[in-house]
Amino acid sequence: MTSSSSDNTVSSKKPGKGLPIDPWLLVILIIAFSIRLYGITAPLVDFSSWRQVDTASIARNFAEHEFNILHPQLEYDGPGPNYGQLEFQITTFIIAILFKIGGVSDVLARIVPVFFFTGAVLFLYLLVKRYTDRLTANLAALIFAILPMGVFYGRAVQPEAAMLFFGIASLFYFSVWCEKQDRRSFSLAAVAGALSVLAKLPNIFLFIPVLAIAWDRFGGRTMKNWWIIIYYAIILGVTTVFFVYSSWLVSHFGSHYDYHNYAKPTIITGKFVSNVTAKHVIPQMLTAVASPEGTGYFSKFLPAALTPVGIILLLIGLIPFRVGFREHRLKPFYAWAGAMLLYAITIAAVIRIDYYLVPLLPIAAFFMARSLGLLLKYKATWAIAAILAGVIGYQSYQAVSPLYKQDSSLYKFGIELKGILRPHEPVILGSYNPAILYYSGHRGWRSNNLSLDSFEFLRSHGAGYYVPLNSAKERELLLYLKDHYKLHTTKSGCGYFDLKDQVH
């Protein structure tokens, strides 16, 4: 294929004179990778510590207990096995392989999302270049690489980077298949699409831009094309089978207690995905966005995700004026934007966690790039475009810097306990943050308001230690423990009760 102004041709002309890769793209990829190496050796006690430690603990359980990608386990529901109905563990299983090779390491855990995000930057460039031009593709890749939420969560030990990588790759390969209609492109699109949805279920919204890509190529014949139907069937089928299996697994082998009252006979089976969907998303998906909590969520986190200047450029870029001879081919990107708007209204507004805005980053970066590209096409305004790009970078730095702040006390206390506690004995932790359990190398239970009945229930189920971290809420329990068990103190001044060391 060659570059053409024809309505039905997508450019595949290689950039540069004889170069196998656009030199500016190479610079952008180096930038994307390098800025995510900052703090690569830091413990997982920065922003979003809870979620990162959960992810790392699943990887460690794969490496040290059960090396089965279909059997993810958490560390805070007793001695195990603690299976959970979670996403397909792509990121954690790769980390587990690295753990088996090089030992448990925060560096090895962090480097996996760094590679995934850098790959996502590459695929966004390739996708945008197919529909617009080299300038817009480079700008989109650069902006995507430096948006603040992408900088932090592109190196956080979480599945968001993998979700972006496979989602954008699926859109790219599907667009290639629409032109070539070859089996290789179709297979890559279907596999990447399935992995993107398995990595994070809300990625199902990418079905909308996929349909728009097909419509751009086939028009009214789209829904009569069996290969497109097969693409959707593969992703829906694999996803359904996986979540039905994971639901069955935790129903039959789960050991997840009600952490509000561990003494209750009812056991929560760890169906995290099903419970969140049924109890939160479905009942609120049409109303949450208009609630005070929903509007507060977006007003707080959208500027932190996209930067204030970025939001302005995004809104300008969404205006459907034509700035190039191939601008008529932007329908898939508008469909992508519409899908992410629908996702934000129905999912993100309900969950209201900052990283639920990460799926918005690539399409937002594209429309920001469209605005800057328009300015760069004219000598009179290129300086303005350069200044705006610089402001995005500066505002990104301001937004992301506080997220790297470490709560080192959790890490240090966990490391101290690792050298003190008897191996393999479950720990009751007086906090919901699992970082201390992770760094102490122990499994156990969490609660910040444990009743005496619940304590005795857990002790009878093997608890060997109690680590108090929220004495204000557990005053009655602490008085009981001080009367019956010896309180030990670490070098840093933190305390723990040895439940086998009773006061006589």
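Here is a tour that starts with the whole chain and then visits a few residues.

**The whole chain**

Keep in mind that this is a predicted model. Colour the chain by pLDDT to begin: the mean is 88, and 90% of the residues reach 70 or more. Now select residues 1-19, where the pLDDT is below 50. Beyond near neighbours in sequence, that stretch has 31 contacts in the model. Residues 265-269 also have a pLDDT below 50, with twelve contacts beyond near neighbours in sequence. Where pLDDT is low, the predicted coordinates should not be read in detail.

Switch to a cartoon view and you'll find 20 helices and eight strands. Of the 504 residues in the chain, 54% are buried. Among contacts with a separation of 6 or more, 74% join residues 24 or more positions apart.

**Into the core**

Which residues have the most contacts inside the largest nonpolar core? Select Phe144, Phe174, Phe333 and Trp336; the core they belong to has 144 residues. Then highlight helix 7 (residues 160-180), which gives the most to this core, with 15 residues.

Stay with Phe333 for a moment. Leaving aside neighbours within four places in sequence, Phe333 is in contact with Leu127, Val128, Tyr131, Ile363, Phe366 and Phe367.

**A linked set of charges**

Next, show the side chains of Arg51, Glu87, Glu160 and Lys200, which are linked in a network of salt bridges. Zoom in on Glu87 and Arg51, whose side chains meet at 3.9 Å, N to O, in a salt bridge. Glu87 sits in the loop between strand 1 (77-78) and helix 3 (90-102), and Arg51 is in helix 2 (residues 49-64), so this pair ties together parts 36 residues apart in sequence. Both of them are buried.

Glu87 also forms a salt bridge with Lys200 (3.9 Å, N to O). Lys200 lies in the loop between helix 8 (183-199) and helix 9 (207-218), so here the parts tied together are 113 residues apart in sequence. Is Lys200 buried or exposed? It counts as buried, at 6% relative accessibility.

For another salt bridge, jump to Glu456 and Arg459 (2.9 Å, N to O). They are three residues apart in helix 19 (residues 452-460), which separates them by about one helical turn. Glu456 is partly exposed at 24% relative accessible area, and Arg459 is partly exposed at 33%.

**Out on the surface**

Select Trp226, Trp227, Ile229, Ile230, Ile234 and Val238. Together they form a nonpolar surface patch with about 550 Å² of accessible area. Ile229 belongs to helix 10 (residues 226-253) and counts as partly exposed, at 32% relative accessibility.

**Two last stops**

Find Ile319 in the loop between helix 13 (308-317) and helix 14 (331-351). Not counting residues up to four places away in sequence, Ile319 touches Tyr334 and Arg370. From Ile319 to Arg370 is 51 residues in sequence and 9.9 Å in space, C-alpha to C-alpha.

Finish at Gly414, in helix 17 (residues 408-418). Gly414 counts as buried, at 0% relative accessibility. With residues up to four places away in sequence set aside, Gly414 touches Ile436, Tyr439 and Ser440. The C-alpha atoms of Gly414 and Tyr439 are 4.6 Å apart.

Notes
Residues are numbered from 1 along each chain as its sequence is written. This is a predicted model: local features need pLDDT of at least 70, side-chain atom pairs count only at pLDDT 80 or more; totals for chains, interfaces and linings use all residues. Side-chain values use heavy atoms; hydrogens and water are left out. pLDDT is the predictor's confidence in each residue, from 0 to 100. Contact means heavy atoms within 4.5 Å. A nonpolar core is a set of buried Ala, Val, Leu, Ile, Met, Phe, Trp, Tyr and Cys residues joined through side-chain atoms within 4.5 Å. Buried means under 20% relative accessible area, exposed over 50%, partly exposed in between (1.4 Å probe, protein chains only). Helices (H or I, at least four residues) and strands (E, at least two) are DSSP runs, numbered from the N terminus. Patches are made of residues with over 30% relative accessible area and no salt bridge: like charges are joined within 9 Å, nonpolar side chains (Val, Leu, Ile, Met, Phe, Trp, Tyr) within 5 Å. Accessible areas come from the Shrake-Rupley method with a 1.4 Å probe; for residues, only the protein chains shown count as cover. A salt bridge is a side-chain nitrogen of Lys or Arg within 4 Å of a carboxyl oxygen of Asp or Glu.
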